[in-house]
Amino acid sequence: HVLHIDQPAAAPAGREATWRRLRYEALLALAHDLGAAAVATAHHRDDVAEGVVVQLLRGGGPRARSGIARRTALGVIRPLLPWSRSELRAWLENQSIDWREDSSNRSFDHLRNRVRHELMPVREEVSPALREHLVELAGALSITEAYLTEELRRQAKWIDPWEPDGGVEVALIRNLQPALRGRWLHAQAGLVGLDRVSRRQLQLFEQLLDTGGPRAVTLGGRWVIRSARGLLWLEPPESVTTYAFSLVLGEEVELPMPGWRVRFSKSKSGDSRWSLPVRPGVTIHMRTFRSGDRLETIDGTASAARRLAESLPRHLRRTWPVFCEDDRICWIPGVWKRPGGLPQGGHVVEVMRRERPASGL
């Protein structure tokens, strides 16, 4: 099988990390199509040793220096880690098996190749067992990281960027042990697809927890972690999507927020987060918030912007659905519903979320 991967539009996590992620996604998709149990890569002991040095040069933390995982949650396995490059080559030669060398292994544009061909041979003249020492260091760090990861799983909560109540208490993260606070930020970033958190970002985050300033820290890919109303929120890169259309009975519509959808049907399904009974024959319009929107109240009208600000994190307000009967706003799910009696025995509009994200590492 030959798989072709399109050039990514951007690589906020770095070129090598971005291409690695795209390769794995393509291989895992093929494995799924073939019914394969896993994707196996040929990483070996020398890759572990060289990876420790690369991470030291890049300023990576203990987690980055803890070696290469033998298995990932997605189904990538690395069965050759117990053996060195020279041992594998010797075995292949003994079995008269040819192998293919990746041409990029000779390019000094990659830091890993400079470590492999320039830095490591010189250091091994002073310490012939250097590679073994580095592998043992990675193994020790891996054991420590596994323990701390389990502690983090037990003590921490995780931000869900797409939930109106998806924030996490600042005090909860502030009160974590120092060894866990930075790991929490790394893990939280990983849950939204970010490969790394820089030392500077981590320093600013510690200041946010301890002193309240800065109020926000920009992470990779223009994601922002922000403190507001005693909670930590994770805001995605700004991408304003406006929409306005009429709902069609019997249809289901996806909202521009992962997992959220709207159904307009003759009866309630039972799995909705919020629902609105509708009189038969009434046309329901769904759109995004508009500046100047007013909400009817018993005493007159109220600002829709204020109600949204009271109920939703700022990054959800521009894309959250507003429902109207003709031009009159009748419902904003989880925020406001027009006062007065509701029709009985009619149709129903439901807002639901297909999947809730895993609340852990």
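Reply: Start with burial. Buried means under 20% relative accessible area, exposed means over 50%, and partly exposed lies in between. One caution: this is a predicted model.

Me: What makes F205 buried?

Reply: F205 has a relative accessible area of 0%. The cut-off is under 20%. F205 is therefore buried.

Me: How do you know whether W184 is buried or exposed?

Reply: Use the cut-off of under 20% again. W184 has 0% relative accessibility, so W184 counts as buried.

Me: How many aromatic pairs does the whole structure hold?

Reply: A search finds 7 aromatic pairs. One of them is W184 with F205.

Me: Why is the pair of W184 and F205 called stacked?

Reply: Two values describe a pair of aromatic rings: the distance of the centres and the angle of the planes. For W184 and F205 the centres are 5.8 Å apart. Rings pair if their centres lie within 6.5 Å. The planes of W184 and F205 stand at 15°. Under 30 degrees counts as stacked, so this pair is stacked.

Me: What makes the pair a link between distant parts of the chain?

Reply: W184 sits in helix α7, residues 178–191, and F205 in helix α8, residues 199–211. The two residues are 21 residues apart. W184 and F205 also form one aromatic cluster with W158.

Me: Why is the pair of W260 and W274 also called stacked?

Reply: The centres of W260 and W274 are 5.8 Å apart, with 15° between the planes. The limits are within 6.5 Å for a pair and under 30 degrees for stacking, so W260 and W274 are stacked.

Me: Which parts does the pair of W260 and W274 tie together?

Reply: W260 lies in strand β9, residues 260–265, and W274 in strand β10, residues 274–278. The pair therefore ties together parts 14 residues apart in sequence.

Me: Why is W274 called partly exposed?

Reply: W274 has a relative accessible area of 23%. W260 has 0% and is buried.

Me: How do you know that R273 lies over the face of W274?

Reply: R273 is at 5.8 Å from the ring centre of W274. The distance limit is within 6 Å. The direction must also be within 35 degrees of the ring normal. R273 does lie over the face.

Me: What makes β8 and β10 edge strands?

Reply: The open sheet has 4 strands in the order β8-β9-β17-β10. β8 and β10 each have a single partner strand, so one side of each has no neighbour in the sheet.

Me: Why do β8 and β9 count as paired?

Reply: Pairing needs at least two bridges. β8 and β9 are joined by 3 bridges, so they pair.

Methods: Residues numbered from 1 in each chain as written. Predicted model: local features only at pLDDT ≥ 70, side-chain atom pairs only at ≥ 80, totals over all residues. Heavy atoms only, no water. Phe/Tyr/Trp six-rings, centres within 6.5 Å; stacked < 30°, edge-to-face > 60°. Buried < 20%, exposed > 50% of the residue type's maximum accessible area, 1.4 Å probe, protein only.
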